[in-house]
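Colleague: I'd like to go through the labels on this model with you. Could you take me from the values to the words?

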Amino acid sequence: MDDELLTIGAFAARARLSAKALRLYDRLGLLAPAQVDEVSGYRYYRADQIERARLVALLRQLDMPLARIAEVVEASDGAAAAARLDAYWAGVEARVAGQRTLAEYLRGRLSGRSSEMYGKFVVETVDVPEQVVISEARHVLAGELPAWIGASLGRLESAAPACGGITAPPFVVYHSEVSMESDGPAESCVPVADEAAARAWAEERGRGWETKVRVQPAQRLAFTRITKAQVAHPQILAAFEAVEEWIAREGLEQTGPCREVYFADWEAAGAQDPVCDVAVPVR
C-alpha cells in the first residue's frame, strides 16, 4: 500500500471527523476517498485531503447545510469560497435578527406588556368608496410572502393602464392566517377605473395569473399607519393586534378580512418612512 494513503480510521483521527461522517460526505460528493479497495470496500485517503476534511468539519460547526458546504469547498478559488461563506452567514444573521425581534415581541406578550406595545400605534377610521379591483390570489407561507407581494402587485400595476388606470393605493387582503404553517390565501388588489375594460383584460390575459375582477363595496376601515421597518414580521403583528384591541374597545364589529394598504414607493422609502396602513373593515 502506498505510504501516502491512510485508512479511513487513521484519516478520520487526523481530520477530526468520524468514519461515519466521512462515508456520508463521500455519498454527498463532499470528500471522496482517494482509493477504494474493489474486494474489501476499504476506503483510503491521501494526506493532502486532510485540509479539505478539516474545512468541512469547521463549516459544519457553523450549522451550514451540506449542500452549502459543497458550494464553498467546490469554489474556484479562495475569494469565491469566502464570498459564498459571507452570503451564507449574512442569511444566518438576518434570521437571528428576526428571531431576536420575535423573542422581544413574545416577551412583551408573556409579561403582560401588550397594552404598552399597542399604545405605540394610533388607530383611526376612514371611509373608502366602492372600488373596482383587479386581484391575484395565492396560497403562500410567511417566508414567501414579501417576494410574492412585490411580484403580484407589480404584475397588477403593469396591467392597470389597460383597465383605466390606478385609482387608489394597492392593498393585500389576508383571507386566512399566513404564517410559517398556514398559507392563507392572500390576495393582492389594485383599484382601477374601468370595470368593463378590466373584465375584458382579465378575459383575454388574466387567466394565466389567476387574475380576477371584482367590485369592492364601500366600507369603513379601522387602521394604523406603520413604517417600512414595522412591516417586517413580527412587528406588524403588534400593529394588527393594536387595531383589533381598539375595535373591541370602541364597541365596533369586524366585517371582513384584515389587509395591508401600500400607499408609498417601497423601494424609495427609508426604514422609518410611513409606507403602509394595517387595516380592518368595521361597522
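Modeller: Happy to. Let's begin where two helices meet: Arg52, Leu55, Val56, Leu59 and Arg60 in helix 3 touch Leu66, Ile69, Val72 and Val73 in helix 4. Contact here means heavy atoms within 4.5 Å, and helices (H or I, at least four residues) and strands (E, at least two) are DSSP runs numbered from the N terminus. By class, that contact has 7 nonpolar, no polar and 2 charged residues. Ala, Val, Leu, Ile, Met, Phe, Trp, Tyr, Cys and Pro count as nonpolar, Asp, Glu, Lys and Arg as charged, and the others, Gly among them, as polar.

Colleague: Before we go on, what kind of model is this?

Modeller: It's a predicted model, where local features need pLDDT of at least 70 and side-chain atom pairs count only at pLDDT 80 or more, while totals for chains, interfaces and linings use all residues. Residues are numbered from 1 along each chain as its sequence is written, and side-chain values use heavy atoms, with hydrogens and water left out.

Colleague: Why are helix 3 and helix 4 called oblique to each other?

Modeller: The axes of helix 3 (residues 50-61) and helix 4 (residues 66-73) cross at roughly 135° and come within 10 Å. Axes are lines fitted to C-alpha atoms, for helices over the stretch in contact, with angles from 0 to 180 degrees between N-to-C directions. Under 35 degrees is roughly parallel, over 145 roughly antiparallel, 65 to 115 roughly perpendicular, and the rest oblique. So helix 3 and helix 4 are oblique. Their crossing is right-handed; that's the word if the near helix is turned clockwise from the far one by less than a right angle, and left-handed if anticlockwise.

Colleague: And what makes helix 1 oblique to helix 3?

Modeller: Helix 1 (residues 8-15) and helix 3 have axes that cross at roughly 60° and come within 9 Å. Helix 1 is therefore oblique to helix 3 on that scale. The crossing of helix 1 and helix 3 is right-handed. Phe11, Arg14 and Ala15 of helix 1 make the contact with Ile50, Ala53 and Arg54 of helix 3, which splits into 4 nonpolar, no polar and 2 charged residues.

Colleague: How do you know that phenylalanine 240 is buried?

Modeller: Buried means under 20% relative accessible area, exposed over 50%, partly exposed in between (1.4 Å probe, protein chains only). Phenylalanine 240 has a relative accessible area of 11%, so buried is the label. This residue lies in helix 10, and beyond its neighbours within four places in sequence, phenylalanine 240 contacts Cys258, Arg259, Glu260, Val278 and Ala279.

Colleague: Is leucine 221 buried or exposed?

Modeller: Leucine 221 has 7% relative accessibility, so that one is buried. It sits in strand 9 (residues 219-227). Leaving aside neighbours within four places in sequence, leucine 221 has contacts including Glu124, Val126, Arg259 and Val282.

Colleague: Why is glutamine 254 called partly exposed?

Modeller: Its relative accessible area is 39%, so glutamine 254 falls in the in-between class. Glutamine 254 belongs to the loop between helix 10 and strand 10 (259-262). Not counting residues up to four places away in sequence, glutamine 254 touches Ile247, Val280, Pro281 and Val282.

Colleague: What makes a nonpolar core?

Modeller: A set of buried Ala, Val, Leu, Ile, Met, Phe, Trp, Tyr and Cys residues, joined through side-chain atoms within 4.5 Å. The largest has 45 residues, and Ile134, Leu145, Ile149, Tyr174, Val192 and Ile226 have the most contacts inside it. Helix 10 (residues 235-249) gives the largest share of this core, 8 residues. A second, separate core of 25 residues includes Ala15, Ile50, Ala53 and Ala81.

Colleague: Which peptide bond is cis?

Modeller: The one joining glycine 184 and proline 185, with omega about 20°. Proline 185 is in the loop between strand 6 (171-174) and strand 7 (186-192). Most residues other than glycine have a negative phi, and most peptide bonds are trans.

Colleague: What about the phi of arginine 16?

Modeller: Arginine 16 has a positive phi, near 60°. With 61% relative accessibility, arginine 16 counts as exposed. Aspartate 63 also has a positive phi near 60°, and at 64% relative accessibility aspartate 63 is exposed. Aspartate 63 takes us back to the loop between helix 3 and helix 4.
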